Amino acid sequence: MVVGKQMGLFDKLAGWLGLKKGVNVLCLGLDNSGKTTIINQLKPSNAQAQDIVPTIGFSIEKFKTSSLSFTVFDMSGQGRYRNLWEHYYKEGQAIIFVIDSADKLRMVVAKEELDTLLNHPDIKHRRIPILFFANKMDVRDALSSVKVSQLLCLENIKDKPWHICATDALKGEGLQEGVDWLQDQIKTMRM
Amino acid sequence: MSSMEPSGDGGKWLDAHYDPVAGLYTFSSCVDLADLSGDGESRLVLGDLGSGSSGMKLKVYRGTALMSESTLLDLPAGLVAFFMDLHEPRIPAVAVASGPCIYVYKNMRPYYKFTLPGLEVNTLEQDVWQQVREGQIDPLTLKEMLESIRKKADTPLSVRSLRFLSLEPDEMEEFVQLQKQQPIKRQTVITCIGTLKKSTADEDGVSCLVIGTECSDVYILDPEAFIILTKMSLPAAPTMMDVTGQYDVEFRITVACRNGNIYILRRESDKPKYCVELSSHPVGLVRVGKNMVVGCTDESLQGFTQKGKKLWRVELPAPITTMASMDLPTKGFQAVLLGLANCEVHLYRDKNLLSTIKTPDVVSSICFGRYGREDGTLIMTTKGGGLMVKILKRTAAFEDRDNAPGPPLAQSIRLNVPKKTKLYVDQTLRERENGLAMHRAFQMDLSRLRLAAAKAYVKALESSLTPMSSSLTEPLKMNAVVQGLGPSFKLTLNVQNTAACRPVMNLAISFLYDEGLYRMKNPYMRIPLLVPGLIYPVETFVECTSDKGISDIIKVFVLHEGRSSPLLTAHINMPISEGLMLN
């Protein structure tokens, strides 16, 4: 922890000197899971979009935290665009995987896409941090984050750091916790 | 979510949901998928037959949960979701056919009830009921009269009279009192329902309802005013139908009927244009592209063109329980899903079996389409009332392999056949032109050859010219060997008794030869007793007396003592003597 604090200090110093490090993050998940809404919430409030429409192909968004500058590849989750994901695996240094906790029916589809992602040669042997957002917690019979992680068999991910957060992207609840975790992971990786 | 069994489908489907105790009793004709809220998420609409006599319900599922249910008054015969107007947002209505009515639901609330026009009532029947109303006849007389009407009349009785006839005598009075003031109506019931786009082929275009009735009629209804636009007649009551095209342009209604035939109705005519007579009754009818695929009770699946020409037929391992089409326009994939009684669901593209899904129970209804936000969703209900949802994997690909045993692949490889020569071509031409004459000539020669052979054979048999005796008492075999260069030859005759166990006695051998050419020491020899099976060599010496370099035949006869005709004969072609006379 002491080391971590010191790192934080260095980072802050680097930040003040305008030497913020850039990091490429892939934002993945099924269609209508809330990827764009989450990215929109993470952007500074003056840059936020009012209406979120289904993403076509992908879009690149940038936002900064205290120490890191994130470049997020917000991929479209629609079935016909999901084969684009793998072309960005190489560049990605972290992954945000968004799940619609209220869509019990398609939990298997999310699991299938996650398994395909984890078994991809560009991902399989890399210690790349994965942040899961169990989104749409505001919906009445949404599954808990524990249940989501059970259904996706997250306990089987042994060689990569991962973390799951229950979120409500419409209100922005739970997002900061996840981003903080991701930031810590990236910093430890670069040490 | 319930426990998932591994299914032998090659990993093409994801098990999204299985509720074995959903308590659903329905068939493919009463299941449909539609975006009932206009939010881009499709719902599952089911007409549940309840217990088969009560508890009929219209159920709507969203995801894994039952979203709403409403009571139906009668057993549903069919259910379709369709767009009935152009209002925004585009929300489809649900039409449930039951009895003689169609109940239309909008936003899952009852919206309109359409009743089929009544049928003509038998006048005699009407008179009888009129008399009852006036108190002229009692229930027992009524029963007798109605029964005689039922036997004779061409127009069938109304439901009320039929019901009356089925009552016990003590219930009759009450029934008559209750019913006699009502006018008699005779109505038919709906057997199947379909939709037909009105004027555009758009996904959300307004559709007409197409209904088939028990009295062998097909009606097309206007979706807004619910008036009958067209009435068509069939030779038998329809059971299943498939509709394609647009009402205002051109359409085609394929109807499977209770007489085991399939009729094809077109826009121009109110009578069927084509008819397919099946060898057994149809249990499922699905259109794939322009062809139709029919499942029959004889455990077969058959393909026909839209004009009724049979294309193919495959045998199935078990009876068909239900059929549905699998249409994935994004992948350009069309196939037929078959529920079988052996707890399997087969996927056929044309006659090729692409994949097999094992199910924990026999499937009673199948529906494939967009459910929730997933395009390739397969929804099945089971005989035990279970609900099963499977999602086609994004990466799933079906091999278009011909599984039917047919010519091997090697057969299509071209062989290096040499070019045709002029001779070959000439011969082929000759054969083509004179085929008949050639065949006749060949047949005549063949007959002659057979005749000659038969003649020679008979002659040989008659004169025992053969080196084998086939007589039953002395079956003998003989062969001769000539050794030497000449002028002296050694003649060895190997004689064998070919009988199973009887020895042969009293045999002799005699030679006949040209005495000017040959000289033989003893031209007559006795043969010892011949034990069956053993070969007896009989040796003698022949001397050629001529030095002219010529040879002749020596005839050998095997004789039975006391009989004049020989048992067998052998002709020995003597070689030319190459040596010189010594004396």
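## Salt bridges

A salt bridge here is a side-chain nitrogen of Lys or Arg within 4 Å of a carboxyl oxygen of Asp or Glu. A search of the whole structure finds 33 of them over all chains. This is a predicted model, in which local features need pLDDT of at least 70 and side-chain atom pairs count only at pLDDT 80 or more, while totals for chains, interfaces and linings use all residues. Side-chain values use heavy atoms, without hydrogens and water; residues are numbered from 1 along each chain as its sequence is written, and chains are lettered from A in the order in which they are written.

One of the salt bridges joins Asp100(A) and Lys136(A), with the closest N and O atoms 3.3 Å apart. Asp100(A) lies in strand S4 (residues 94-100) of chain A and Lys136(A) in the loop between strand S5 (130-135) and helix H5 (145-151), so the pair ties together parts 36 residues apart in sequence. Helices (H or I, at least four residues) and strands (E, at least two) are DSSP runs, numbered from the N terminus.

## Interface of chains A and B

Chain B puts 14 residues in contact with 14 residues of chain A. Contact means heavy atoms within 4.5 Å. The two chains bury about 1300 Å² between them, 61% of it on carbon and sulfur atoms. Buried area is the accessible area (1.4 Å probe) that two parts lose on being put together, summed over both.

Four salt bridges cross this interface. Glu113(A) forms a salt bridge with Arg394(B), the closest N and O atoms being 2.7 Å apart. On the side of chain B that touches chain A, strand S1 (13-19) and strand S28 (387-392) of chain B are the elements that give two or more residues. S1(B) gives the most, with four residues. By class, this side of chain B has six nonpolar, three polar and five charged residues. Ala, Val, Leu, Ile, Met, Phe, Trp, Tyr, Cys and Pro count as nonpolar, Asp, Glu, Lys and Arg as charged, and the others, Gly among them, as polar.

## Helix packing in chain B

Helix H1 (residues 123-133) and H2(B) pack at an angle of about 175°, with their axes 10 Å apart. They are therefore roughly antiparallel (over 145 degrees). H1(B) contributes Leu124(B), Glu125(B), Val128(B), Trp129(B), Gln131(B) and Val132(B); H2(B) contributes Leu142(B), Met145(B), Leu146(B) and Ile149(B). That contact has eight nonpolar, one polar and one charged residues. Axes are lines fitted to C-alpha atoms, for helices over the stretch in contact, and angles run from 0 to 180 degrees between N-to-C directions.

Helix H2 (residues 139-152) also meets helix H4 (residues 169-179) of chain B, where the axes come within 9 Å and cross at roughly 85°. H2(B) and H4(B) are therefore roughly perpendicular (65 to 115 degrees). Pro139(B), Leu142(B) and Lys143(B) of H2(B) touch Met172(B), Glu173(B) and Val176(B) of H4(B).

## Backbone exceptions

Most residues other than glycine have a negative phi, and most peptide bonds are trans. The peptide bond from Glu88(B) to Pro89(B) is cis, with omega near -10°. Pro89(B) sits in the loop between strand S6 (78-82) and strand S7 (93-98) of chain B.

Glu299(B) has a positive phi, near 55°. Its place is the loop between strand S19 (291-296) and strand S20 (300-304) of chain B.

Technical notes:
Parallel < 35°, antiparallel > 145°, perpendicular 65-115°, else oblique.
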